[in-house]
Amino acid sequence: MYLDTATPPSDVCINESCQLWPSGVNSLVDATETEEPRIYKDIQDKEKLLIDEIHRWKPGRLARYAYKDRKKLITLLFTKGIMPLLDHFIALGELLLMTNKYPSESMVDDMGRYRLLVENVRRWNLDQRSLEDVQNKRLVFGRTESGLKPFFLKYTNAFVQFQKEIGLVSSRDLASKESLFPYTDLEAAVTPELDFARMTDGKEMLERFWILSLQSRYWLQEHYRTKSQYDYMPDVLDFSVLFGWFMQTWGKDELCLIPT
C-alpha cells in the first residue's frame, strides 16, 4: 500500500490490476539506468564537479574542517541527546571518504568555499539516497498528463515519527526537544550518571550511551549507501585501542588528530 499525499490523502496500490490503482496515472517510472539514463548522468556529473573542487584544496584542510564540524554534531548528540542535522552529518562522512580517495593537491583554503562544498556534497548524497528509495520502491513516481506524481509507502510517516521520537531529525523539521522525547523522564531514571574523574572501565560508558548506539544504528542503516559505509565488525583489539585514544582526548577543547 502507498499513500497519495494529495488533500485529503488516500491509499493507493501500484498494481495496475488493483482497484486502488491511482486515477490519472498512466504508468510508473522505472528507475533503472537503461530506462532513466539522465538521472544517473546527473548524479555522475555532480560527483565529477565535487572531485574537481576537492583537488583544488590545500592538502589536509578539508579533512580538518570536516572533522571539527562532525565533532560539534557528535558533542550535541552526547550532551543534548539529539542529532539535529542528520543529512549534514552524513555529508561530512561522504566528504571525508572523498578526500581520502581523491587527495587535494592545490592551495585553496577558504571557509566560504568549504561551506558551499559541504552543501553540494549534501545535495549529491541526498540524490543518491533518493534514487535508492525509488529503486527500492519506497518512493514511486507515477506519470500523469500534468507530470510526475509521487507516492510514498504507507508506513513512511510512522517511520519518520519513530525517528523523531528517538531524537533523529533533519534540519528542516527540527521540533522542540519535549516533543521529540516523550519518555525522557523514564530514560533519565534508568540511565546512570558518569563521573569521568573516577571512571576506570569502559562498562559504565557503554551503559550510559547504549541508546546513542541504537539511534546511530537505526539512522545509518536507513539506506544501503550509509549502511555499507558504516556497518563493519571491529576486531576485539580495536575496542581497547580506540577507547584508549578516546580517554586521551576527553575534555580537550581542540581537535586531536591521532596519527595512524
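Biologist: In which loop does C13 lie?

Modeller: C13 lies in the loop between β2 (10-12) and β3. Please bear in mind that this is a predicted model.

Biologist: Why is C13 called buried?

Modeller: Buried means under 20% relative accessible area. C13 has a relative accessibility of 17%, so it counts as buried.

Biologist: What does C13 touch, not counting residues up to four places away in sequence?

Modeller: With those left out, C13 touches C18, L20, W21 and P22. C13 and M1 are twelve residues apart in sequence, and their C-alpha atoms are 5.3 Å apart in space.

Biologist: How many helices and strands are there in the chain?

Modeller: The chain has ten helices and five strands. Of its 260 residues, 32% count as buried. The accessible surface comes to about 16,800 Å², and 55% of this belongs to carbon and sulfur atoms.

Biologist: What share of the contacts between residues at least 6 apart in sequence joins residues at least 24 apart?

Modeller: Among such contacts in the chain, 68% join residues at least 24 apart.

Biologist: What is the order of the strands in the open sheet?

Modeller: The five strands have the order β2-β1-β5-β4-β3, with antiparallel pairing.

Biologist: What makes β2 and β3 the edge strands?

Modeller: β2 and β3 each pair on one side only.

Biologist: How do you know that β3 and β4 pair?

Modeller: Pairing requires at least two bridges between the strands. Two bridges join β3 (residues 27-28) to β4 (residues 139-144), and the two strands run antiparallel. The bridge partner of S27 in β4 is R143.

Biologist: How many bridges join β4 to β5?

Modeller: Six bridges join β4 to β5 (residues 147-153), again with the strands antiparallel. V140 stands opposite F151 in β5, and F141 stands opposite P150. β4 and β5 form a hairpin, with two residues between them.

Biologist: What is noted about the phi of K137?

Modeller: K137 has a positive phi of about 65°, although it is not a glycine. K137 is found in the loop between α4 and β4.

Biologist: What does Y114 touch, not counting residues up to four places away in sequence?

Modeller: Y114 touches W57, L62, Y65, A66, D69, L92 and L95.

Biologist: What makes α3 largely enclosed by the rest of the structure?

Modeller: Of the 16 residues of α3, 13 are buried, so the helix is largely enclosed.

Biologist: How do you know that the span of α3 agrees with what it should be?

Modeller: At 1.5 Å a residue, the 16 residues of α3 should span 22 Å. The end C-alpha atoms of α3 are 23 Å apart, which agrees.

Biologist: Why does D87 count as buried?

Modeller: The cut-off is under 20% relative accessible area. D87 has 9%, and therefore counts as buried. D87 has its place in helix α3, and a polar contact of 3.3 Å joins its side chain to that of R122.

Biologist: Why is T99 called buried?

Modeller: T99 has a relative accessible area of 15%, so it is buried by the cut-off of under 20%. T99 is also found in helix α3. A polar atom of the T99 side chain lies 2.8 Å from the backbone oxygen of L96. Leaving aside neighbours within four places in sequence, T99 is in contact with I54 and L62.

Notes. Residues numbered from 1 in each chain as written. Predicted model: local features only at pLDDT ≥ 70, side-chain atom pairs only at ≥ 80, totals over all residues. Heavy atoms only, no water. Contact = heavy atoms within 4.5 Å. Helix = DSSP H or I, 4+ residues; strand = E, 2+ residues; numbered from the N terminus. Buried < 20%, exposed > 50% of the residue type's maximum accessible area, 1.4 Å probe, protein only. Polar contact = N/O pair within 3.5 Å; in protein donor to acceptor, adjacent residues only side chain to side chain. Areas by Shrake-Rupley, 256 points an atom, 1.4 Å probe, with all protein chains shown as cover. Expected span 1.5 Å × (residues − 1).
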